[in-house]
Each structure stands twice: as C-alpha cells, then as structure tokens.
Amino acid sequence: MVTRKAIASILEDYEDIVVATVCSHSSLQIFHGARQEGFRTLGIAIGQRPRFYDAFPLAKPDEFLIVDSYADILDQADDLVARQAVTVPHGSFVEYMGADVFAKLPIPTFGNREVLRWESDRDKQREWLTSAGVPMPLKIEHPKDIDRPVFVKYYGAKGGRGSFIAKNYEDFRESIQPGMKFTIQEYVVGTRYYIHYFYSPFATSGYTLSKGGLEMLGVDRRDEANIDEMYKLGAQEALRKMGLLPTFVVTGNMPVVLRESLLPKAFEMGERTVERSIALFGGMIGPFCLETIVSDQLEFKVFEISTRIVAGTNLFIGGSPYADLAEPGMSTGRRIAREIRVAQKQGRLADVLS
Ligand code: AMP
C-alpha cells in the first residue's frame, strides 16, 4: 500500500488540481461535479476514447489519457502526478484494476485507501459492520448447513454477476463456480434500498458525529437482469427445470425514497458504520453506500457496503429528494469535488486524499 506520507509529499507540489477517473461507472457525474466546483478534469480511457462523451458536453473531461488496460494506469502514474491529478475511485476502477494494484497506485486518491482491506474481504466487511452494531443477514458457514433459502456471492464488486440463490446443498453444488472465494447469506425477504451517504471529516454542522458529519444524498434500487423480469415467465421452480436460473446482473437503477419513519434508523446505521471505521482504520472518507433490505417488520438488514461512489448516484446528478433539503442540486460527484476544494482551501488535502 502506498503510504500516506508519500502521498502527502506529492501533494505539497499540487496547486491546480485535475480531477481524474476512469471513463466508466459514474465518471460522467464525477467530471460534471468537478467542473461545477471549478476543477479541470481528465478521463482515463481503456483502449479508445469513448465517443458517447461527445453527447454530454457538460460532463466531458477536458482531456483524455488513453491506456491499453487498467494495469497500464500504474505505468502512467508519474505522468498523472505531473499533471497534478487526483483520482476519484469508483466501483469499476477498483474492481477492474484489482484492489491490490489500486492500493499501490502512487497518485493522490480521494478517500482513505485503508478501507480497501476492510471492504474487499467479505469476512472483514462483516467484522466491521457487525462490530458496529449494524444488522446483517445471517452467515451460513458451510454449504452443507444450508437449511433455508440462501444467497451465494463471490468476493469483490462484480455488479451482481455470478451470485445465485440456493435452497439446499444440491442447488449450491449445481451453481457454484470452483476456485472462487464465496460467502453464503440467508436470503432476506423484503424490499431493497441502496442508501447513498457522504461522510465529511470537516463538517461542523448538520448531522454531526464524534468528528465531522454525515449526509444522505439519495437512495436507489437496482434493476437486475434476469431476476427482475423472470416472474413474467412463471414460477422459478418451473423455470429451473428448463435450465433458466435467475441472475442478478445490474443493468440500471431506479430512484426511490424511504418512508420517512425509517430515516432515524438509516442515519443511525450510517453513523455506526463511520464511527467504527474511525476506530478500526482511521475512518472511511467521502461517499459510501449501505445496501439494505427492509422487512415487513420495518427492520433493516445490510447485505453489503460499498465504500466509494456507487452507480445509483447517477440518478441524482441534478439533486435528489434528500440532497435538495441540504443544498439543492448537489450530486455525489459534486460533493466529492467540494470536499477536495474545502480541503485545499484549508490546507488539509492530506486529510481526504491518500
Ligand atoms: P451483491 O452481489 O451483494 O451486490 O448482491 C446482488 C443482488 O443480490 C442484490 O442487489 C440483491 O438483489 C440480492 N441480494 C444480495 N444479498 C442478498 C440477501 N442476503 N438476501 C436477498 N437478496 C440478496
């Protein structure tokens, strides 16, 4: 892992920051938000410059850097530092580059990179959240112990790819891919809410924590193929016999709001998650998402945490029913840029970049 000291020394020479990210996932929003806060922007494109950016002039980066592969970004680190680049990680950036390589990238990066060790390992994720008092679905230790509907998932953010439902050991054996690390959770029945938070260590007002403050910028629900449309074909058991198994590949997102009486719990979960992160590894900074299921008893279960900007925030480039009550029109992309700007003005860049 690149040290905070090394990044702090790079930052000493930074004056005119360029906000850079990989052209995918939530990059349009990140560039748009950076531009709103007065930053220059740089898009890292894999293979070729994506043409669709031309259709979105307000989100098109000022410059592109074309590399052959995610791994090649590492070779361009000196060039990126010379351009005074600050990278903003998103799901695709970290997953496709590989968390190990991303950890070593010698370029100032938004957020605390220590969080990677806790997020990318599902056991550590569970240790973090449960020790914070955040409710998670029950974990089934061994496939042979499957005695109820379960959800099996692999390590790392794969956009839902590969995950499957099993109702018994037979189902599990049928679908498991050999050689991959997996975890088994009880299948939680309820409705899904993906809550977009932002933690600022600088905030002194609003929903304050022991240090800084917590914001809620939006909530989405993911559209997943093929599970979300399968009901049209009939009962899953019958489909299974025809070899049609449900898949959970994220294809889009829908805006949702929580019933207002759930907000106290939503904030309490966010607060506990941040406070515990401060105690465990110096704090998770910036955007994060708790992926939840709410039961008919109005209880949350958090089945996963994403510790960076999630693609569901793309719904709220022009604000959200929550963001608009704090600062109208604030997106998560812009909020990240704002945090970098505030840090720069206060001479505290090293507090939010690592
Ligand atoms: P994940 O791979 O954790 O992002 O999960 C992909 C999708 O699987 C989620 O968006 C949910 O639809 C579903 N899911 C994940 N975990 C559970 C669970 N424990 N119970 C029910 N559904 C789940």
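Ala, Val, Leu, Ile, Met, Phe, Trp, Tyr, Cys and Pro count here as nonpolar, Asp, Glu, Lys and Arg as charged, and the others, Gly among them, as polar. The model is predicted: local features need pLDDT of at least 70, side-chain atom pairs count only at pLDDT 80 or more, and totals for chains, interfaces and linings use all residues. Residues are numbered from 1 along each chain as its sequence is written, and side-chain values use heavy atoms, with hydrogens and water left out.

**View 1. The largest cavity has a volume of about 140 Å³.** Its lining has 18 residues, and Pro89, Phe110, Gly111, Thr307 and Arg308 are the closest to its centre. The lining divides into 12 nonpolar, four polar and two charged residues. The structure holds three cavities of 30 Å³ or more. On a 1 Å grid over the protein atoms alone, a cavity is a set of points where a 1.4 Å probe fits but cannot get out; a pocket is an open set with protein on both sides within 12 Å along at least five of seven lines; lining residues have an atom within 4 Å of a point. Grid points are joined across faces, edges and corners, and a volume is the space filled by probe spheres set on the points.

**View 2. The second largest pocket has a volume of about 550 Å³.** It is lined by 24 residues. Gly206, Leu214, Glu215, Met216 and Ala326 lie nearest its centre. Strand S10 (213-226), helix H12 (263-281) and helix H13 (332-345) each supply at least two lining residues. S10 gives the largest share, five residues. The lining holds 14 nonpolar, five polar and five charged residues. Helices (H or I, at least four residues) and strands (E, at least two) are DSSP runs, numbered from the N terminus.

**View 3. Glu215 forms a salt bridge with Arg335.** The closest N and O atoms are 2.8 Å apart. Glu215 lies in strand S10 and Arg335 in helix H13, so the pair ties together parts that are 120 residues apart in sequence. Glu215 is partly exposed, at 23% relative accessibility. Arg335 is buried, at 10%. Buried means under 20% relative accessible area, exposed over 50%, partly exposed in between (1.4 Å probe, protein chains only). A salt bridge is a side-chain nitrogen of Lys or Arg within 4 Å of a carboxyl oxygen of Asp or Glu. By this rule the count comes to 26 salt bridges.

**View 4. Lys301 forms a salt bridge with Glu186.** Their closest N and O atoms are 3.7 Å apart. Lys301 belongs to strand S13 (residues 300-306) and Glu186 to strand S7 (residues 182-186), so the pair ties together parts that are 115 residues apart in sequence. Lys301 is partly exposed, with a relative accessible area of 27%. Glu186 is buried, at 16%.

**View 5. Lys232 forms a salt bridge with Glu229.** The closest N and O atoms are 2.5 Å apart. Lys232 is exposed, at 58% relative accessibility. Glu229 is partly exposed, at 45%. Elsewhere, salt bridges that share partners join Asp16, Arg40, Glu63, Asp79 and Arg83 into one network.

**View 6. Leu233, Met242 and Leu244 make a nonpolar surface patch of about 330 Å².** Met242 is found in the loop between helix H11 (236-241) and strand S11 (248-255). Met242 counts as exposed, at 63% relative accessibility. Patches are made of residues with over 30% relative accessible area and no salt bridge: like charges are joined within 9 Å, nonpolar side chains (Val, Leu, Ile, Met, Phe, Trp, Tyr) within 5 Å. Accessible areas come from the Shrake-Rupley method with a 1.4 Å probe; for residues, only the protein chains shown count as cover.
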